[in-house]
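Please examine the sequence and the three-dimensional structure shown below. The briefing that follows describes selected parts of the structure, grouped by topic.

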Amino acid sequence: VHHANAGSLDTDVAALSAFRLAADRSNALATWNNLSSNPCAGTSPQPWRGVTCAGGRVTRLVLEGLSLSGSGALPALANLDGLRVLSLKGNALSGPIPDLSPLVGLKLLFLSRNALSGPVPPELGKLYRLLRLDLSSNNLSGAVPPEINRLDRLLTLRLDSNRLSGPVDAIALPRLQDFNVSGNLFSGRIPAAMAGFPAEVFAGNADLCGAPLAPCKEEAASSCPPGAAAAMAATKPAAEGGGGKGKMSRAAVVAIVAGDFAVVGLVAGLLFCYFWPRLSGRRSDRRHREGEKIVYSSSPYGAAGVVAAAAAGAAPERGKMVFLDDLSGIGRRFELEELLRASAEMLGKGGSGTAYKAVLDDGSVVAVKRLRDNPTPVAASSSSSSSKKEFEHHMTVLGRLRHPNVVPLNAYYYARDEKLLVYEYMPNGSLFSLLHGNRGGPGRTPLDWAARLRIASGAARGLAFIHHGTRRGRSGTAGSKLEAHGNVKSTNVLLDRAGEARLADCGLAQLGCCSAMSGYRAPEAPAPASASRPWATQKGDVYALGVVLLELLTGRCPAMAAGEGEEALPRWVQSVVREEWTSEVFDLELMKDKGIEEEMVAMLQLALSCAATAPEQRPKAAYVVKMVDEIRACREEPSSGRGELSSSSSMDESSAVSDSPAVSEGGGGPAVSQ
Ligand SMILES: Nc1ncnc2c1ncn2[C@@H]1O[C@H](COP(=O)(O)OP(=O)(O)OP(=O)(O)O)[C@@H](O)[C@H]1O
């Protein structure tokens, strides 16, 4: 009977020698020759290849691509009960996977690219500390045992390229980030909980169906509108019954007619919902008599489509285009008409409105934000003239925010029904798309650590400027300064032409937007529906910045992180760190960057301090800048140029993500313990 850590260094040495005897035909483990030497004495003349110790026990065994072979080798390792990491990737080990349950401390188990056969042993379910399990590219067969679901800490499960069969819905692991069952004989429906993974992870299983693959057969039928499905069901017996009648049954006719009515009803309902507010508005309200009505249409001409309807009625008060101080971002002035003529491409919809990329007559490009038309604290005040004044004042404040890490607001258009903000266009996308776009897919270019540090630094600098750098507003009067950004999140961290990070959407929270910022909202902030204002605070911004830093470190999307609720990502990270698995939170994509563990751990501590539950414990943005810079300064000398890479060149490095345990376990940060 084995118990965790029941063995000693002697049993470790015996296990290693048994393994070597059984597996090492090519003498790759020659350094293990002197069995009287201590594999854990770092001072021995030749350290034992692939062996790492802690506390006088062998804790890591990493022997990759060494042509180790034989079917009797693995069972010998079952005695290494102090092991945390076992990687035997890319050897020629054969035979079944033995019962490894004595290795109860294992966190990482990599047996991929061998010739292992037989089933996935149910005993693996006892390795409850496992975080990463890679059995890919072997000859494993049979079904995945339900015991695998006991591994509730598992982040990686790779079973691809085997001959495994049965349903995949036997796998229900809530924390999986890295999952692959492609190239097997799995069958049946992909459970909804797994539909978020890209199709590639399920590819090469002839009988799997359901999202993200093609719908299952029954599903394909039931995805028709209910009326049509009823009609199909009703016509089936008639058609199949054949009999040469060639007539539809009464039930079929009834079903088709009912279906038609349902469709007509639905369309009429949609048209009603669409037009009623406009028609009723025309009768009862003066909204349409003022200003321009601008409709950015995404159809029917694809991206070409800023369609302007001229002012309705007498249009006594037309809106106007106002240009702010500095036109460096957009180059020149233009009239609203030119903006309306521009071809527009929708960049996305957010809480504050919809953003478009618009190409003007001379080919210059601007970003236009069309604010959602909601009664805002600024716009909904007593009279329309005062709300206009407040809006204009707010725009003047925003227009003065000039900093290399802030997206400049160059112009705005104000009419009662339509508010457009014109910004410099940021051609290199958002941090959100760089971090999460196409993840797991073939076109994905990983974002390396140097680029992430540079983005972190830029975002923090932008925020520190907003918080502390704008005090000396020109007028010097109260209210001439923006108190807080109010909507810090990864879609609002954009990359400019030089690859420098800039904060977008500054100060739009104060216009009443951004109810969708969950995941970044500080615990003390009022619920989105709450009327209490203002909820854009500096402490709230620092919390959100902390979440962005955690996003950079973990590669996880705050809104989709481990659980629901506003604090999901910080809470998840804290729980992993508390259990002393610190290094397990880091993004798998960062594993190819070597020697960055300490920097990541330092950044993690900084991020968690920003995301502290108690607002008074959070640092100021300027301190975050200082700390990020210190982390960057610690990079070794040759890397001084690396940090300056433009985002595009840093993204060119597309080498495959290595899942070597070198980074993912232990490895030295102060908060990491074995
Ligand atoms: N100046 C800009 N240049 C390039 N892309 C931009 C610019 N401003 C916004 N975007 C992009 O347009 C998309 C939509 O932005 P928008 O600000 O409307 O939504 P959001 O950031 O998701 O939410 P919110 O409105 O709450 O800030 C985002 O992906 C954003 O990255």
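**The ligand shell**

The shell around the ligand consists of twelve nonpolar, ten polar and three charged residues. In this classification, Ala, Val, Leu, Ile, Met, Phe, Trp, Tyr, Cys and Pro count as nonpolar, Asp, Glu, Lys and Arg as charged, and the others, Gly among them, as polar. The model is predicted: local features need pLDDT of at least 70, side-chain atom pairs count only at pLDDT 80 or more, and totals for chains, interfaces and linings use all residues. Residues are numbered from 1 along each chain as its sequence is written.

- Among the 25 residues around the ligand, those that come nearest are Leu347, Gly348, Gly350, Ala367 and Ser430. A residue is near a molecule or strand if its C-beta atom, placed from the backbone, lies within 6 Å of it.
- At least two residues of this shell come from each of the strands β18 (343–349), β19 (353–359) and β20 (365–371). Helices (H or I, at least four residues) and strands (E, at least two) are DSSP runs, numbered from the N terminus.

**The six-stranded sheet**

- Strands of a sheet pair through backbone hydrogen bonds, either parallel or antiparallel. Two strands pair if DSSP finds at least two bridges between them.
- Six strands form an open sheet with antiparallel pairing, in the order β17-β21-β22-β20-β19-β18.
- At the edges stand β17 (320–323) and β18, each with a single partner strand, so one side of each is left without a neighbour in the sheet.
- From one strand to the next, the twist averages 25°.
- Within this sheet, β19 and β20 run antiparallel and are joined by seven bridges. Ala355 stands opposite Lys369 in β20.

**The seven-stranded sheet**

- Another open sheet has seven strands in the order β3-β5-β7-β9-β11-β13-β14, and its pairing is parallel.
- Its edge strands, β3 (69–70) and β14, each pair on one side only.
- Strand β11 (residues 163–167) pairs with strand β13 (residues 185–189) in the parallel sense over three bridges. Ser165 stands opposite Leu185 in β13.
- Strand β13 is also joined by three bridges to strand β14 (residues 207–209), and these two run parallel. Ser187 stands opposite Asp207 in β14, and Arg189 has Cys209 as its bridge partner in β14.

**Helix packing**

- Two packed helices are described by the angle between their axes and the distance between the axes. Axes are lines fitted to C-alpha atoms, for helices over the stretch in contact, and angles run from 0 to 180 degrees between N-to-C directions.
- Helix α10 (residues 538–554) packs against helix α12 (residues 597–610) at an angle of about 150°, with the axes 7 Å apart. This makes α10 roughly antiparallel to α12; angles under 35 degrees count as roughly parallel, over 145 as roughly antiparallel, 65 to 115 as roughly perpendicular and the rest as oblique.
- The contact of α10 with α12 involves residues including Val542, Leu549 and Leu553 of α10 and Met600, Leu604 and Cys610 of α12. Two residues are in contact if their C-beta atoms, placed from the backbone, lie within 7 Å. The residues of this contact comprise 13 nonpolar, one polar and no charged.
- Helix α12 also packs with helix α13 (residues 621–633), at an angle of about 170° and with the axes 10 Å apart. The two helices α12 and α13 are therefore roughly antiparallel to each other.
- In that contact, Glu599, Ala602, Met603, Leu606 and Cys610 of α12 meet Val624, Met627 and Ile631 of α13. By class, there are seven nonpolar, no polar and one charged residues.
- The axes of helix α9 (residues 449–469) and α13 come within 8 Å and cross at roughly 155°. Helices α9 and α13 are therefore roughly antiparallel to each other.
- Among the residues that make the contact of α9 with α13 are Leu453, Ala460 and His467 of α9 and Ala621, Val628 and Arg632 of α13. This contact has eleven nonpolar, three polar and three charged residues.

**Backbone details in loops**

- The peptide bond that joins Ala211 and Pro212 is cis, with omega about 5°. Pro212 lies in the loop between β14 and α3 (217–222).
- Ser137 has a phi near 55°, a positive value in a residue other than glycine. Ser137 is found in the loop between β8 (132–134) and β9 (139–143).
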